[in-house]
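My notes follow in the order I checked things.

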Amino acid sequence: ILTNEDFDNGANLFLMMFNPTCSHCQEETVMLGQNLDLFKKSKVVLAASAIQQPYVSDFVKYTHFENYPFYLGIDSSDFINKLFLYKALPQINIYDKNRILIKTYSGEVPIDSLKPYIQ
């Protein structure tokens with residue numbers, strides 16, 4: 001179980017809602033992993049809905065997620081349904097250090113678009 005204290009880092013937080021079987025989500029995760037040097041303070045959390053849990057292990061293998069200092073969780077509280085815009089996956093919500101939403105992206109996002117928010 002992760003709480004606010006786990007992410008209290010005085011920097012922006014990236015929350016990526018994803019489907020582990022979605023190729024766009026897999027590619028976005030790999031792209032983030034290829035840019036680890038940019039994430040000095042910002043934390044990255046990937047969240048999948050509870051019904052997607054059986055597919056997470058294949059996602060981890062495909063993306064080599066174990067090599068990334070990111071968090072991956074299963075949403076057992078139905079949190080995603082309250083935050084997801086249902087436009088396209090992945091959806092990345094960016095929160096400032098006070099955890100106020102400052103930007104939302106739907107679909108694949110190039111690293112250059114994310115750079116201004118990465119700390």
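I began with an antiparallel pair: strand 1 and strand 4 (residues 91-95) are joined that way over five bridges. The model is a predicted one, and I read it as such. I looked up Leu13 next. Its bridge partner in strand 4 is Tyr95. In strand 2, Leu13 stands opposite Lys43.

Then I checked how covered strand 1 is. Five of its five residues are buried. I also noted which way they point. Leu13, Leu15 and Met17 go one way from strand 1, while Phe14 and Met16 go the other way. Residues on both faces are buried.

I moved on to the pairing of strand 1 (residues 13-17) with strand 2. These two run parallel, and five bridges join them. Within this pair, Met16 stands opposite Leu46 of strand 2. I traced the chain between the two strands. It leaves strand 1, passes through helix 1 (residues 23-33) and reaches strand 2 in a right-handed β-α-β crossover.

Which residue does Leu46 pair with in strand 3? I found Leu72 as its bridge partner there. Strand 2 and strand 3 (residues 71-75) run parallel, with five bridges between them. Here I traced the chain again. From strand 2 it goes through helix 2 (residues 56-63) to strand 3, and this β-α-β crossover is right-handed.

Last, I looked at the cover on strand 2 (residues 43-49). It is mostly covered, with five of its seven residues buried.

Methods:
Residues are numbered from 1 along each chain as its sequence is written. This is a predicted model: local features need pLDDT of at least 70, side-chain atom pairs count only at pLDDT 80 or more; totals for chains, interfaces and linings use all residues. Side-chain values use heavy atoms; hydrogens and water are left out. Buried means under 20% relative accessible area, exposed over 50%, partly exposed in between (1.4 Å probe, protein chains only). Helices (H or I, at least four residues) and strands (E, at least two) are DSSP runs, numbered from the N terminus. Two strands pair if DSSP finds at least two bridges between them. A crossover is right-handed if, with the strands pointing away from the viewer, the path from the first strand over the helix to the second runs clockwise.
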